[in-house]
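Subject: Structure for you to look at

Hi,

Here is the structure I promised to pass on.

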Amino acid sequence: MKIFGICASPRNNTTEYVLKNALSQLEQDGFECEMFTCQAKTIKPCMHCDYCLENKRCIIEDDMLEVYKNLQEADGIILATPVQSGGISSNLSAIMDRTRALEAIDYNLLRGKIGMSIAVGGDRTGGQDFAHLKNVTYFMIHGIIPVSGGPFGSNLGASFWSNDSIEDIKQDDYGMESLNRTLHEFKNFLNKYI
């Protein structure tokens, strides 16, 4: 089974650290993993021009082409975002909006895949739940089955407090527990439904 992880941070720092950790654990369990990072990539916003409805592809040709390919091939999708202005990053918002072109090709293209959310905030309560809710909403809109870590500390996904420091996120034991719980459920869903 293939897992596609999106690091929606404009930097290669704390969010990438967490996503790489998650993908490494999945690889150890035999999953094939691919990661896309938004750092130094160009993902233009959707123009909602409807070009994709008639032509079955997006009119914009940028680094989103790599995302399209991996979304189609993946069985599981992990969205990892830094918390910005109390929600997801602008990079992730653009990716979500641009996914519309995939449904123009085939309405059911993403249906039945398994989705997991990671949110990394500079503060412990910096908006991680709002970021998770946006990710879960995205999953639901596209027919992706959202997975949480369960009702005891990882209700919507894996939440981290980075304090904007790679050293501090490595010491966020609570965040790592939420990641491990969420990964456990993610693997259970993949093995059950894929």
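Below is what turned up, starting with the salt bridges and ending with the open spaces and a surface patch.

This is a predicted model, so local features need pLDDT of at least 70 and side-chain atom pairs count only at pLDDT 80 or more, while totals for chains, interfaces and linings use all residues. Residues are numbered from 1 along each chain as its sequence is written, and side-chain values use heavy atoms, with hydrogens and water left out.

**Salt bridges**

Side chains of opposite charge can pair when their charged atoms come close. With a salt bridge taken as a side-chain nitrogen of Lys or Arg within 4 Å of a carboxyl oxygen of Asp or Glu, the count comes to nine.

One of them joins Glu73 to Lys2, with the closest N and O atoms 2.7 Å apart. That pair links distant parts of the chain, since Glu73 is in helix H3 (residues 64–73) and Lys2 is in strand S1, 71 residues apart. (Helices, H or I with at least four residues, and strands, E with at least two, are DSSP runs numbered from the N terminus.) Are these two buried or exposed? Buried means under 20% relative accessible area, exposed over 50%, and partly exposed in between, using a 1.4 Å probe and protein chains only. Lys2 counts as buried because its relative accessibility is 9%, whereas Glu73, at 39%, is partly exposed.

Another salt bridge brings together Lys20 and Glu16 (2.8 Å, N to O). Both lie in helix H1 (residues 14–28), four residues apart, which is about one turn of the helix. Glu16 is buried, with a relative accessible area of 10%, and Lys20 is partly exposed at 45%.

Then there is Arg124 with Asp172, where the closest N and O atoms are 2.7 Å apart. This pair also links distant parts of the chain: Arg124 is in the loop between strand S4 (114–121) and H6, and Asp172 is in the loop between helix H7 (166–170) and helix H8 (173–193), 48 residues apart. Asp172 is buried at 6% relative accessibility, and Arg124 is partly exposed at 32%. Elsewhere, salt bridges that share partners join Lys2, Lys69 and Glu73 into one network.

**Pocket and cavity**

Both were found on a 1 Å grid over the protein atoms alone: a cavity is a set of points where a 1.4 Å probe fits but cannot get out, a pocket is an open set with protein on both sides within 12 Å along at least five of seven lines, and lining residues have an atom within 4 Å of a point. Points are joined across faces, edges and corners, and a volume is the space filled by probe spheres set on them.

The largest pocket holds about 240 Å³ of space. It is lined by 14 residues, and Arg124, Gln128, Asp129, Gly153 and Ser159 are the closest to its centre. Helix H6 (residues 128–141) gives the most to this lining, with four residues.

**Surface patch**

Finally, Met1, Tyr193 and Ile194 form a nonpolar patch on the surface, with about 280 Å² of accessible area together. (Patches are made of residues with over 30% relative accessible area and no salt bridge, joining like charges within 9 Å and nonpolar side chains, Val, Leu, Ile, Met, Phe, Trp or Tyr, within 5 Å; areas come from the Shrake-Rupley method with a 1.4 Å probe, and for residues only the protein chains shown count as cover.) Met1 sits in the segment before strand S1 (2–7).

Cheers
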